[in-house]
Amino acid sequence: MEVVGKSMKRVDAFGKVTGEAKYTNDLCPKDALIAHVVHSTIANGEVLSIDTSEAEKVPGVVKIVTCFDVPDIQFPTAGHPWSVEAAHQDIADRKLLNTRVRLYGDDIAAIVGVDNVACERAERLLKIEYKEYPSFTTVEDALKPEATPLHPDLRKTNELIHTSFKSSPDYDYEQAKERAVREYGAEHVREYEQTYRTQRVSHCHIEVATSWAYVDVNGKVTVTASTQIPHIMRRVIAQALGWPVGKVRVIKPYLGGGFGNKQDILYEPLNAYLSVVCGGRCVCLETTREECISQTRVRHAVIGKTKALYTTDGRLLARTLDGYANKGAYASHGHAIAASVATVYKDLYNDAYGCRADMTTVFTNSASAGAMRAYGVPQSVFLADCQIDDICHREGFDPLKFRMDNCVGKGFRDPGNGITYYSYSMKECMRRGAEYIHWDEKRKAYANQTGPIRHGVGMSIFMYKVGVYPISLETSSARMILNQDGSIQVELSATEIGQGADTVFTQMASETTGITPDKVYIVSTQDTDLSPFDTGAYASRQSFVTGKAVKKCGLELRNRILDYAAYMLGRPVEELMIHDNNICERIPEEGTTIQTDLSAGNGYGYVPDGSVDENDRYQDWLDADVKHWNIDDLPSGRKSILRDTGKILAKPGKVLLSMKDLAENAFYSLDRSEHITAEVTNHCKENTYASGCTFADITVDMEMGTVKIDHLVNVHDSGTLLNPQLAEAQVHGGMAMGIGYALSEELLYNEKGRPLNNNLLDFKIPTALDVPDLKVIFLQMDDPMGPYGNKALGEPPVISVAPAIRNAILNATGVAMNELPMTQQRLVAAFQQHGLI
Amino acid sequence: MAVKTLAAGKAVSIMLEIVHMTVNGEEKELAVDPRESLLDTLRNRLNLTSVKRGCGVGECGACTVLIDGTAVDSCLYLTMWAEGKHILTVEGLKSPSGELNEVQQAFVDEAAVQCGFCTPGLILTGVELVNSGRKYTREELRKLISGHLCRCTGYENILNALEKVVGYH
């Protein structure tokens with residue numbers, strides 16, 4: 001590949017360093033009215049009345065809307081593709097404003113005014129009467145019989161959904177135990193039982209959740225919003241207002257970070273409604289940082305009660321998980337994230353007898369938990385990999401060897417959803433990470449330490465599927481339009497949220513069309529009235545799912561261009577190709593094989609005659625998966641590349657015609673005028689796994705309870721890298737987020753359910769002083785499912801960092817920290833409890 | 001929908017005050033609300049939208065501007081205090097012919113930009129460091145940018161970019 005795989009500079013970098021890139025609020029008209037949401041001052045109860053009479057007299061107040069005024073419509077907020085089957089639709093459990101208060105700060109009224117001062121003055125004059133119930137912010141309390149059900153119309157108790165996944169239908173832990181004793185003898189079989197807890201954290205994108213809305217001359221309510229999912233937002237706003245979808249328009253400009261929070265619908269339906277009730281005037285609803293932390297979404301806190309059965313020589317036999325996910329007040333993404341916790345827990349290790357993973361999602365009076373980077377998998381891997389290291393610590397096993405022997409294997413196929421490891425390098429990732437961190441030497445050096453300063457190494461592994469197929473729909477559309485100068489526009493509804501999507505899509509479009517990247521103009525703004533349908537940025541799906549649409553569209557455009565070239569040149573299409581903005585003679589490459597084609601872009605191990613370099617570390621994978629494939633046996637995701645013979649299997653010859661001349665002729669020819677465009681939908685029915693690991697080398701100050709990270713390395717197999725420099729940057733960010741998750745971040749509540757630290761001073765995300773130099777290693781295996789050999793990278797970097805640091809603390813001190821975050825206070829308390837200080 | 005439109009709906013009239021400052025090299029005479037932050041003045045009255053609001057209370061550094069060469073959170077700075085001062089935002093960094101300042105260019109080259117929301121503030125802190133004429137170690141740089149929160153980059157490439165312009169080579 002010529003463009004994909006190169007470290008091209010971001011297409012939006014210039015605009016972002018000059019301040020020219022416009023974000024949602026930068027575009028808001030200066031005369032917009034300001035919306036101010038009134039939040040409840042109780043955590044559980046009902047609003048009995050709101051007297052607005054005094055508040056309405058405040059100069060500058062335009063409109064006050066209370067929970068008694070809004071349409072009686074409950075709507076879902078999850079950023080999922082809609083399901084046409086009622087049973088799979090997201091849970092509709094909230095109104096624009098709610099009389100039933102389910103968390104401290106629930107949205108009970110909204111004030112629209114000319115400025116914030118007027119709104120805040122009016123808020124102080126509202127007279128609100130509540131009926132208050134005892135509140136509960138933990139799943140333990142929410143499941144007690146005396147806890148008030150928060151959604152009695154949906155569930156009799158606070159349990160939203162319980163699921164049980166098994167590695168095979170007949171698996172049973174107690175039977176596994178009997179079998180183990182029978183097969184290995186009681187003296188060779190051990191059992192380990194432990195409970196682990198992860199905390200509630202906030203995404204803390206630096207741009208808060210924000211939007212502005214007005215009713216346009218065509219009657220459409222038009223919402224400009226900071227969102228990862230403009231087309232889904234349009235549907236949800238329509239549902240919330242009871243309007244047809246076509247009467248809603250959503251525009252998404254540049255976005256200052258999302259991390260899953262903006263894969264949910266937040267205040268945008270309320271914003272649209274406030275504009276409508278203010279006669280269509282423009283209303284801006286920008287959350288404060290405090291609202292953004294405690295009133296939007298958070299990562300689910302998870303409790304995992306685990307059991308494991310293993311042999312004294314290090315074979316993992318069976319595990320169980322009984323876990324609880326703290327949903328908070330509203331369903332948001334429902335049980336999907338808890339299901340993801342269970343699935344990855346079950347799949348990550350290859351238990352000889354099997355595994356059962358049960359998860360229960362529970363409503364509580366706290367911030368609603370939704371999507372956050374890696375969708376339950378960081379929680380899942382924390383449970384799984386604390387458990388593995390605890391077993392190794394107890395038995396004196398080497399955690400690296402134990403993982404090598406027991407981790408998910410090559411060719412794994414999830415029996416439940418059928419997702420398969422097409423390109424597998426889990427063990428190679430571990431080898432590379434161990435080599436970098438000097439695992440064996442350090443494990444020896446750090447044995448038997450005493451004293452106030454101690455060192456440790458720890459590791460953790462992960463697997464991550466790409467997108468949501470087959471659990472849910474994966475579909476994407478792309479449009480390409482040829483300009484008169486031979487350049488093109490690329491229009492997508494996959495969104496740029498900072499991850500570099502616009503840049504890699506530019507590279508893909510260039511790669512497939514033969515038009516150079518400087519002549520590929522990606523339209524960064526999504527507008528649901530103009531942009532073709534795509535569900536947006538989540539599940540690390542876009543480079544894979546939208547990438548397939550870009551590729552398909554690029555091929556379509558290229559074929560149309562070549563068809564026109566054939567007409568102009570009077571030559572058959574088969575003799576032509578596009579290269580470097582020219583129509584060239586197409587010279588088929590002799591002796592090109594499937595193997596060399598599949599190797600395009602990965603740079604490992606192949607030589608042109610299709611044989612395999614003896615030093616190739618991935619020979620086993622090649623033997624198993626690729627070498628003997630016939631073109632027609634290949635999965636459909638890959639066929640398109642192989643059949644894309646114009647580019648990959650041929651080289652350009654003599655230049656016949658420039659794209660500029662062709663385009664100008666196509667526009668203005670008196671003989672054959674044709675505006676060359678392409679628009680396709682790609683319904684993606686493929687999936688695969690990305691994998692990798694983290695290794696941490698740390699120093700613990702026992703008396704201070706501080707953890708200094710000396711070396712941190714993430715090793716990733718995300719298939720062929722589309723843009724190595726951006727890929728590495730993406731991993732850095734995930735690693736830093738993982739450090740905060742490990743050591744400092746937690747949204748806290750008091751006994752009345754009131755958030756205590758919903759600001760950036762007290763909610764401790766890492767600063768530059770808290771993050772060490774970050775090392776990233778990539779293994780680039782060409783995945784046969786990815787459109788360009790690529791697979792998921794956006795979310796995975798955060799997953800394995802916290803358990804690796806936790807396991808390094810265990811290695812350093814012998815103390816197993818079973819709860820996140822591992823703050824100084826908690827570490828000092830644990831060291832005291834163990835008599836170490 | 002039982003929603004009344006209020007007759008009020010008119011802003012309270014505030015006595016505006018005049019302030020003089022130089023913004024990105026241009027002298028400005030502005031009538032502002034004396035309670036107004038410099039962040040609001042720059043964004044709302046001068047349309048300098050590179051100055052971002054991330055928290056409004058001095059926690060995140062996204063609204064950093066240079067005031068007489070010193071990096072300041074403009075959300076915590078009343079516009080009236082800027083009387084007679086020189087304000088610089090990233091809109092003022094490009095050369096007249098459109099070339100990037102060396103700090104901006106380093107951010108582009110080192111892939112120090114992701115979502116871009118913290119970027120203008122960090123670049124201005126970088127410009128403050130360049131103007132000091134000093135060199136800085138990586139550890140010094142970590143401390144000097146610790147008032148800027150970034151959730152995308154892990155700071156790694158931001159530090160690389162800053163080292164490129166003010167580090168020891």
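**Figure 1. The loop between β16 and β17 of chain A.** In this predicted model, A:P470 sits in the loop that links β16 (453-465) to β17 of chain A. Helices (H or I, at least four residues) and strands (E, at least two) are DSSP runs, numbered from the N terminus. The peptide bond between A:Y469 and A:P470 is cis, with omega about 5°. Residues are numbered from 1 along each chain as its sequence is written, and chains are lettered from A and ligands numbered from 1 in the order in which they are written. Local features need pLDDT of at least 70 and side-chain atom pairs count only at pLDDT 80 or more, while totals for chains, interfaces and linings use all residues.

Figure 2. A:P821 lies in the loop between α22 (801-813) and α23 (824-833) of chain A. The bond that leads from A:L820 to A:P821 is cis, and its omega is near -5°.

**Figure 3. Strands β17 and β24 of chain A.** Strand β17 (residues 475-482) and β24 of chain A run antiparallel and are joined by 7 bridges; strands pair if DSSP finds at least two bridges between them. A:R479 has A:E679 of β24(A) as its bridge partner. In a regular strand the side chains alternate between the two faces of the sheet. A residue is buried if 20 or more other C-beta atoms lie within 10 Å of its own, exposed if 12 or fewer, and partly exposed in between, with C-beta atoms placed from the backbone.

Figure 4. A:D580 is in the loop between β21 (576-579) and β22 (582-588) of chain A, and its phi is near 55°, a positive value in a residue other than glycine. A:N581 is placed in the loop between β21 and β22 of chain A, with phi near 65°, also positive in a residue other than glycine. A:D580 is partly exposed because 13 other C-beta atoms lie within 10 Å. A:N581 is buried because 20 other C-beta atoms lie within 10 Å.

**Figure 5. The largest nonpolar core, around A:I805.** The largest nonpolar core has 307 residues, and A:A110 and A:I805 have the most contacts inside it. Such a core is a set of buried Ala, Val, Leu, Ile, Met, Phe, Trp, Tyr and Cys residues joined through C-beta atoms within 7 Å. Helix α21 (residues 724-743) of chain A gives the most to this core, 11 residues. Leaving out residues up to four places away in sequence, A:I805 touches A:G458, A:A696, A:I698, A:V707, A:I709, A:A742 and A:L743. Two residues are in contact if their C-beta atoms, placed from the backbone, lie within 7 Å.

**Figure 6. The contact between chain A and chain B.** Chain A brings 59 residues to the contact and chain B brings 51 residues. On the side of chain A that touches chain B, the elements giving two or more residues are α1, β3 (61-66) and α21 of chain A. The most, 8 residues, comes from α21(A). This side of chain A has 30 nonpolar, 14 polar and 15 charged residues. Ala, Val, Leu, Ile, Met, Phe, Trp, Tyr, Cys and Pro count as nonpolar, Asp, Glu, Lys and Arg as charged, and the others, Gly among them, as polar.

**Figure 7. Helix α2 of chain B.** B:V103, B:Q104, B:A106 and B:F107 are the buried residues of α2 (residues 102-109) of chain B. They lie on the same side of α2(B) because they cover an arc of only 160° around the axis, the arc being that of the directions from the helix axis to the C-beta atoms. The cover over these buried residues includes α1 (13-17) of chain A, and α3 (119-131) and α5 (156-166) of chain B. Just after α2(B), B:A111 has a positive phi of about 55°.

**Figure 8. The two domains of chain B.** Chain B is divided into domain 1 (17-91) and domain 2 (102-166), with bounds from an automatic or database domain assignment. Their contact takes 17 residues from domain 1 and 13 residues from domain 2 of chain B. On the side of domain 1 that touches domain 2, β3 (64-67) and β4 (70-73) of chain B each supply at least two residues. The largest share of that side, 3 residues, is from β3(B).
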